[in-house]
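Reader: I have a structure open and want a quick tour. Can you walk me through it?

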Amino acid sequence: MHPKRWLPLLLAMPLATACVDAATPPSAQASTAGVQGQSLQELMQARGLTEADVNAALKTYTPSGKKDEYFIFASGGHGGNLIVIGVPSMRILKYVAVFTPEPWQGYGYGDQTNDLLKTGSRDGRALTWGDMHHPALSETAGDYDGQYIFVNDKANPRVAVVSLEDFTTVQMVASELIESEHGSTFVTPNTDYVIETAQYPAPLGGGYADLSEYDTKYRGAAIFWKFDRKKGRIVPEDSWAVEFPPYMQDLADAGKLASDGWAFFNSINTERATGGNLEGKPPLESGASQNDMDYLHVFDWKKAEEVVKAGKTKTIAGMRVIALQTAIDEGLLYFVPEPKSPHGIDVTPDGKEMVVGGKLDTHATVYSFEKMQQLIADQKFDGRDPYGVPILPFRDAIRGQAEIGLGPLHTQFDGRGNAYTSVFIESKVAKWSLKDLKVIEKMPVHYNIGHILAAEGDTVSPDGNYVVAMNKWAIDRFADVGPLLPQNFQLIDDRGPSMQLLYDLPIPLGEPHYSQMIKADKIKSIDVYKPAGINALTHQIDPFAVKGGEERIERKADGVHVYMTAVRSHFTPDTVRVKEGETVHLHITNIEQAKDATHGFTVGSHNIHVSLEPGKHVNVTFVADKPGVYPMYCTEFCSALHLEMAGYFLVEPK
Ligand code: CUA
């Protein structure tokens, strides 16, 4: 039954079950003090709730033990990690450690995860943070399949692969071809490729060139990372890239269905401004917003694959790169004007159209793939850009423009022929019809919406129904927590006659950019690592896995190997004696197979911490460089004798 219809019934009922927890301290009860046993009506009055508030609460409240219908995977922005949220409850379910060490998960404090983080080094520099922008769920035939999620790092261009079998990062790839990126990650409809597009142009492959050589030596590029589904890994040797002019390529999207085989990149700063506001030049942002039009890049990746196979590439920073001139000569790359300093390129569910947000223009422009193909076939160009890329005539390439409002950015879709566009300057969500390009409804959000997401909203079969406004500012939404405020995710219900705001979720870690929302039942995650001894990075039995009864300490040429097991409530061995200066290799297997029977392990004062989920094996290598007595203990409250799950790590002086 629709909540509207049964709400009056509820209001008349005594509220014996909705009492506040007797253990809640009086200060936390504030407005609900004394409401125990009162009716819903009285509770609403006491808390100042309207019928709409209660309606929203009933749509999101998820009783203990009940599970969510959808997962949101949100980028953690400059927090560097991935955030998993349930819908409609908007409960944060997990942070998945990716680019930033996460001690709670033992991520970056043991051998496997340290090695993984090292694979994301650039120029030999270890990196301990990332600026994650756009997560992309793996797709099969253009639909989310729930197997993997890819994430990017804008600051230190990298792509990571997260397995949704256990919500764990399994791979990181970093190419030194580019120096920053933004149009990443986006996948092709069968996840053949994960796209990573440069944002701020720089000499390809690194090295120095002065800004005065910007036009000749700086370049953009898009990397097509080849994904091997069977291995569940990106294969760098099979990956390739294409060189772009030194515009700031912005967002990307892969074509699907009608446009499968093509990829689209919008761009800003076709002015090629470089800033220099202390050198007598205009600041970058004003130099970069002079032109009325920038260029949507239209790229035939299927054909590009053939060009790569034919060896028409040059190798830069170990990557096969299709030179810009080759891309032009082979008919791989075309431009279409897009107004003005655009942001966001989103392909419609049928793949027939591409929607670009104007940012400094009030429209969402709808490009027709068919028209663009015809223009290409007819070689009907409106000149070329300074680098020789053919430009398709704007008016002939579009179906039309939707008048959205001030600052349209990103667009998502529902399954009923509608689009949702985030309107940054107006702080609104605009719902509009793809049919007649007319706005149906605009809803205020709080405040400064960046990305927007709808349930499965960028697949070939979007659900719509739930929309989330990812707001950059929270100003007056939450209790004050100092000058650095959380971001604000607002859940919107679009199942009724008009959009309804349901819930505000403060995001207290990083600044999410894009997110994707997938049906929860598409993800089949494991509960325990089976059999015990699994390395979470490889999902295979670790060569150093330890079985119960086989615990031991061995001295080898490379140091002391401690083969240890963890099980409620002891580590075996629980006494480890080493000599000052010895290299120690801890091999620890949690031999439990019970769900949620996680242990943690630390040796004090050595910056060591690992998380041992049931069945997981970890290795930790360190030098016992200072004599002393170091307690080691379990860091997860695993049992009644958790405090006793401890031992001594003794370092005898030489
Ligand atoms: Cu094991 Cu606490």
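This is a predicted model: local features need pLDDT of at least 70, side-chain atom pairs count only at pLDDT 80 or more; totals for chains, interfaces and linings use all residues.

Reader: What does the C-alpha trace span along its principal axes?

Author: About 80 × 75 × 50 Å.

Reader: And how much of the chain is buried?

Author: Buried residues are 58% of the 654. The chain exposes about 27,000 Å², and carbon and sulfur atoms supply 54% of that area. As for contacts with a separation of 6 or more, 61% of them join residues 24 or more positions apart.

Reader: Pick a helix. Which residues of H10 are buried?

Author: H10 covers residues 369-377, and Phe369, Met372, Leu375 and Ile376 are buried there. They sit on the same side of H10, because they cover an arc of only 125° around the axis.

Reader: What does the face turned away from that side carry?

Author: That face of H10 carries the exposed residues Glu370 and Ala377.

Reader: What covers the buried residues of H10?

Author: The cover includes strands E14 (262-268), E15 (293-300), E18 (333-339), E20 (353-357) and E21 (363-368). Helix H11 (394-397) is also part of the cover.

Reader: What about glutamine 379, where is it relative to H10?

Author: Glutamine 379 follows H10. Its phi is positive, near 50°.

Reader: New topic, salt bridges. How many does the count come to?

Author: The count comes to 36 salt bridges. One of them pairs the side chains of aspartate 228 and lysine 231, at 3.7 Å from N to O.

Reader: Is lysine 231 buried or exposed?

Author: Lysine 231 is exposed, with a relative accessible area of 55%. Aspartate 228 is partly exposed, at 23%.

Reader: Next pair. What does glutamate 511 bridge to?

Author: Glutamate 511 forms a salt bridge with lysine 472, and their closest N and O atoms are 2.5 Å apart. Glutamate 511 lies in the loop between strands E30 (500-507) and E31 (515-519), while lysine 472 lies in the loop between strands E28 (464-471) and E29 (487-493), so this pair ties together parts 39 residues apart in sequence. Glutamate 511 is buried, with a relative accessible area of 17%.

Reader: Now lysine 616. Where does it lie?

Author: Lysine 616 lies in the loop between strand E40 (610-612) and strand E41 (617-623). Lysine 616 is buried, with a relative accessible area of 10%.

Reader: What does lysine 616 touch, beyond residues up to four places away in sequence?

Author: Those contacts include Gln105, Tyr529, Ile534 and Asn590. Isoleucine 591 is 25 residues from lysine 616 in sequence, and the two are 7.7 Å apart in space, C-alpha to C-alpha.

Reader: And valine 98, buried or exposed?

Author: Valine 98 is buried, with a relative accessible area of 0%. Valine 98 lies in the loop between strand E3 (92-96) and helix H5 (111-118). Leaving aside neighbours within four places in sequence, its contacts include Leu82, Tyr107, Met132 and Val162.

Reader: Last one. Which residues form a nonpolar patch on the surface?

Author: Leu406, Phe424 and Ile425 form that patch, with about 270 Å² of accessible area together. Phenylalanine 424 lies in the loop between strand E24 (418-423) and strand E25 (428-433). At 32% relative accessibility, phenylalanine 424 counts as partly exposed.

How values were computed: Residues are numbered from 1 along each chain as its sequence is written. Side-chain values use heavy atoms; hydrogens and water are left out. Patches are made of residues with over 30% relative accessible area and no salt bridge: like charges are joined within 9 Å, nonpolar side chains (Val, Leu, Ile, Met, Phe, Trp, Tyr) within 5 Å. Accessible areas come from the Shrake-Rupley method with a 1.4 Å probe; for residues, only the protein chains shown count as cover. A salt bridge is a side-chain nitrogen of Lys or Arg within 4 Å of a carboxyl oxygen of Asp or Glu. Helices (H or I, at least four residues) and strands (E, at least two) are DSSP runs, numbered from the N terminus. Buried means under 20% relative accessible area, exposed over 50%, partly exposed in between (1.4 Å probe, protein chains only). The arc is that of the directions from the helix axis to the C-beta atoms. Contact means heavy atoms within 4.5 Å.
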